[in-house]
Amino acid sequence: MDTFAALAHGMAVAVQPMNLLYALIGVFLGTAVGVLPGIGPALTVALLLPVTYKLDPGGSLIMFAGIYYGGMYGGSTTAILINTPGESASMATALEGNKMAKAGRGGPALATSAIGSFVAGTIATIGLAFLAPWLVDVAVRFGPEDYFALMCVAFVTVSATFGDSPVRGLTSLFIGLTLGLIGIDKLTGQARLAFGVPELLDGVEVTTLAVGLFAVGEALYVASRRHHTEEKLEPVRGSLWMTREDWKRSWKPWLRGTMFGFPIGALPAGGAEIPTFLSYSTEKRLTKHPEEFGKGAIEGVAGPEAANNASAAGTLVPLLTLGLPTSATAAMMLAGFQQYGLNPGPLLFAERPDLVWGLIASLFIANMMLLVLNLPLVGLWVRLLAIPQPWLYAGILVFATMGTIAAKPSVVELSMLAGFGVLGFLMRRFDFPIAPVVVGLILGPIAESQLRRALAISLGDPLTLLQSPISATLLGIALIALVAPFVLKGLGRFKANED
C-alpha cells in the first residue's frame, strides 16, 4: 500500500507543468539521437550535464530518463528502415525489421516496435516501482564492508561485460579508478596526484570526463573515418497501422520480451543486448510461421523491441536502489545525480522521496509521450539522417566546449576536456570500452571510503571483509565474474583446437 501512496505522490510531482516540459524535451531529444547512428543517449546525457548544472535536479533527471527511454525507441527506426541500428540494443530488431521494410511493410514493423516498446516500458516501470522499495529495505542493512563488496561486483561486472575483451574492460576501469584518486584525500587532507595544479585539488569533474570521452572522443573518431558507405533511405510504404493478424502475432512476443528484458536489465551485468537476442531466438523457436524468419517475421521485431525497452526500466532498479550503473547511459545518469550532490541508494528514498518517486512516475508519462511521438513523426526522424556528419559533429564539439566553460570556466578544465577527448578517440580506435572509465571515477572514491571505514571499525583487520555473510557472498560473485570470461575463452580455444 505504501508503494501506491508513494507512486501517487510521485505522479503529483511528475504532472507539474515544468516537469512535463522536461519529460517532453527528454523524449524528443532521446528519439532524435536514437535515430542518428553513433549518437546514443549516453552521449546526449553527457552533453547536457554541464548545461543543466544550475537547473532543478528533479526536472533534469526526468529529462535524462526521457532521453534514455527515447533513445531505446528511436534506435529501432533506422534499424527497420535502413538496417542501421541507432543503438546496439536495436541490432536484433534490424534482422527482421529491415526485411519487412523492403517488402513494403515498414509501417507495421514501426507500429509493432512502438506499441511493444510502450507495453514493455509500462509493465517494466510498474516492476521498478514495486521492486525498488524491497531492494531498498535489503540495502539499508548493508555495512561498510558490504558496500565495498557491492562496489567490487559493480567494477568486475561492468568491466567484464562492456566491450569484447575483459582485459580491455579492466584496463578502462583502472584508468577511471586512477582518475578518482586525484584531489585531496578526505581522510588525511593530503593532496594526491594534483602535481601542484590548484584546479586539480577538487578532483576530476565527472561532467568534464563524460563530455570529453563520449562527445569529443566520438567526434574525433568519426572525423578519422573518411570513407563512409552511403545508406539508402527506405521510404515507408503503405499504411502505418497493423492488421488484426499482426496484432495477434505481436502481443505474446511483447509480453515474453518484457519478461526477458526487465530482470536481465536489473542485473549488475545486465544490459539490453542479451535480452534482445534471447527474445529473438525464443520467438524464432516458438513461431507458427518459421518460413518467414529471415524474410520479415513481425514476431522478430515485436519481441526484441519489447525486451529492449523493458531492460531500460530494469537498469534503473540497481541505479536508484544501490547506486550501481549497468549501462553507459546509467553511468551518465549517475553522474547527473552526483552533479547535484545526490547519491543514489537507499538513503535517497528516505531523504528525497519526491525526487525518486517523481522520476519513477514520470517514466509512465514519458512512455505515453513516446507512443504519440513515434508513430506520426516517423518521416521527421528519418529526415534527421540527412544532416551532413561534419555539421552534426562540429555542432557537438561547440556544444561540448561551451557547456564545459559554462559549468567551470577554467583553462585547466578545457585542457582536460581536450585530453579526455583524445583519450576517448584512442579508446575507440583500439576497441577499449569507455563506460568503465566513468564508472571507475564515480564509484572508486565511494569504494575507497567504504573500505577504509570497514578497516577502521575492525582496527585494520582485512578479514572483516569475509566475516559478513553479505560481503563474503558478494566478493565470491565478483571473483566468479572476474574469472568466468577467461575460463570460457580458454574453453573456446581448447574446443577450437580439438576440432
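**Reading the salt bridges**

A: In this predicted model, a network of salt bridges links Asp185, Arg192, Glu448 and Arg452.

Q: What is a salt bridge, and how many does the count come to?

A: The term applies where a side-chain nitrogen of Lys or Arg lies within 4 Å of a carboxyl oxygen of Asp or Glu. By this rule, the count comes to 9 salt bridges.

Q: How far apart are the closest N and O atoms of Arg192 and Glu448?

A: They are 2.8 Å apart, and the two residues form a salt bridge. This pair links distant parts of the chain, with Arg192 in strand 2 (residues 191-192) and Glu448 in helix 19, 256 residues apart.

Q: Which parts does the pair of Asp431 and Arg168 tie together?

A: The side chains of Asp431 and Arg168 meet in a salt bridge, at 3.6 Å from N to O. Asp431 lies in the loop between helix 18 (411-429) and helix 19 (435-457), and Arg168 lies in helix 8 (residues 166-180), so the pair ties together parts that are 263 residues apart in sequence.

Q: How is the exposure of Asp431 and Arg168 to be read?

A: Partly exposed covers the range between the buried limit, under 20% relative accessible area, and the exposed limit, over 50%. Asp431, with 38%, is partly exposed, and Arg168, at 31%, counts as partly exposed.

Q: What do the side chains of Asp354 and Arg352 form?

A: They meet in a salt bridge, at 3.6 Å from N to O. Asp354 is partly exposed at 32% relative accessibility, and Arg352 is partly exposed at 28%.

Key. Residues numbered from 1 in each chain as written. Predicted model: local features only at pLDDT ≥ 70, side-chain atom pairs only at ≥ 80, totals over all residues. Heavy atoms only, no water. Helix = DSSP H or I, 4+ residues; strand = E, 2+ residues; numbered from the N terminus. Buried < 20%, exposed > 50% of the residue type's maximum accessible area, 1.4 Å probe, protein only.
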